[in-house]
Amino acid sequence: MNDTEFESHLRGLLRPVAPSAELRERIRENLGARVAKAHAYSGRLTSSKRGIWQVLLRDFGWACAGAAAALAIFAVWPARPAAVSPASPASPSSAPPPAAGRGDEHLRAR
């Protein structure tokens with residue numbers, strides 16, 4: 001099969017097949033039955049208008065749900081230990097000895 005035959009075959013697959021006469025008749029019958037049923041029911045349509053209290057309560061409910069989710073996450077979140085800065089000594093023995101005075105010699109000189 002060369003390229004042109006393959007392309008024409010693919011184009012043929014993209015075209016929809018015409019429905020058979022039997023399928024057309026069944027569709028026509030089903031559509032006719034639905035139209036007849038559509039007028040048999042007469043119901044009341046409800047309005048989608050909501051009061052201000054309903055909207056506020058709904059929004060408040062979502063806000064509370066979000067806050068509860070955040071609290072649950074923070075309750076489960078592991079606590080991190082304080083980071084040790086590189087300037088702080090790792091152990092007391094490795095710290096340099098303290099200065100000779102307490103650092104208030106300039107106050108005594110007066």
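Student: In what order do the elements of the protein chain run from the N terminus on?
Tutor: They run α-α-α-α. Keep in mind that this is a predicted model.

Student: How many helices and strands is that?
Tutor: The secondary structure comes to four helices and zero strands.

Student: Where is confidence highest, and where is it lowest?
Tutor: Helix H3, residues 52-76, is highest, with a mean of 91. Helix H4, residues 105-108, is lowest, at 62.

Student: And what is the mean pLDDT of the protein chain?
Tutor: The mean is 76. Of the residues, 61% reach 70 or more.

Student: New topic. What share of the residues is buried?
Tutor: Buried residues make up 1% of the 110 in the protein chain.

Student: How much accessible surface does the chain have?
Tutor: About 11,200 Å². Carbon and sulfur atoms account for 63% of that surface.

Student: Which residues make the nonpolar surface patch?
Tutor: Met1, Phe6, Leu10 and Leu13 make it. The patch covers about 460 Å².

Student: Where is Leu13 found?
Tutor: Leu13 is in helix H1, which covers residues 3-14.

Student: Is Leu13 buried or exposed?
Tutor: Exposed. Its relative accessible area is 57%, and the cut-off for exposed is over 50%.

Student: Let's switch to charges. How many salt bridges are there?
Tutor: The count comes to two. In general, side chains of opposite charge can pair when their charged atoms come close.

Student: Which side chain does Arg28 meet in a salt bridge?
Tutor: That of Glu25. The N to O distance is 3.1 Å.

Student: How are Arg28 and Glu25 placed in helix H2?
Tutor: They are three residues apart in H2, residues 21-38, so about one helical turn separates them.

Technical notes. Residues are numbered from 1 along each chain as its sequence is written. This is a predicted model: local features need pLDDT of at least 70, side-chain atom pairs count only at pLDDT 80 or more; totals for chains, interfaces and linings use all residues. Side-chain values use heavy atoms; hydrogens and water are left out. Patches are made of residues with over 30% relative accessible area and no salt bridge: like charges are joined within 9 Å, nonpolar side chains (Val, Leu, Ile, Met, Phe, Trp, Tyr) within 5 Å. Accessible areas come from the Shrake-Rupley method with a 1.4 Å probe; for residues, only the protein chains shown count as cover. A salt bridge is a side-chain nitrogen of Lys or Arg within 4 Å of a carboxyl oxygen of Asp or Glu. Helices (H or I, at least four residues) and strands (E, at least two) are DSSP runs, numbered from the N terminus. Buried means under 20% relative accessible area, exposed over 50%, partly exposed in between (1.4 Å probe, protein chains only). pLDDT is the predictor's confidence in each residue, from 0 to 100.
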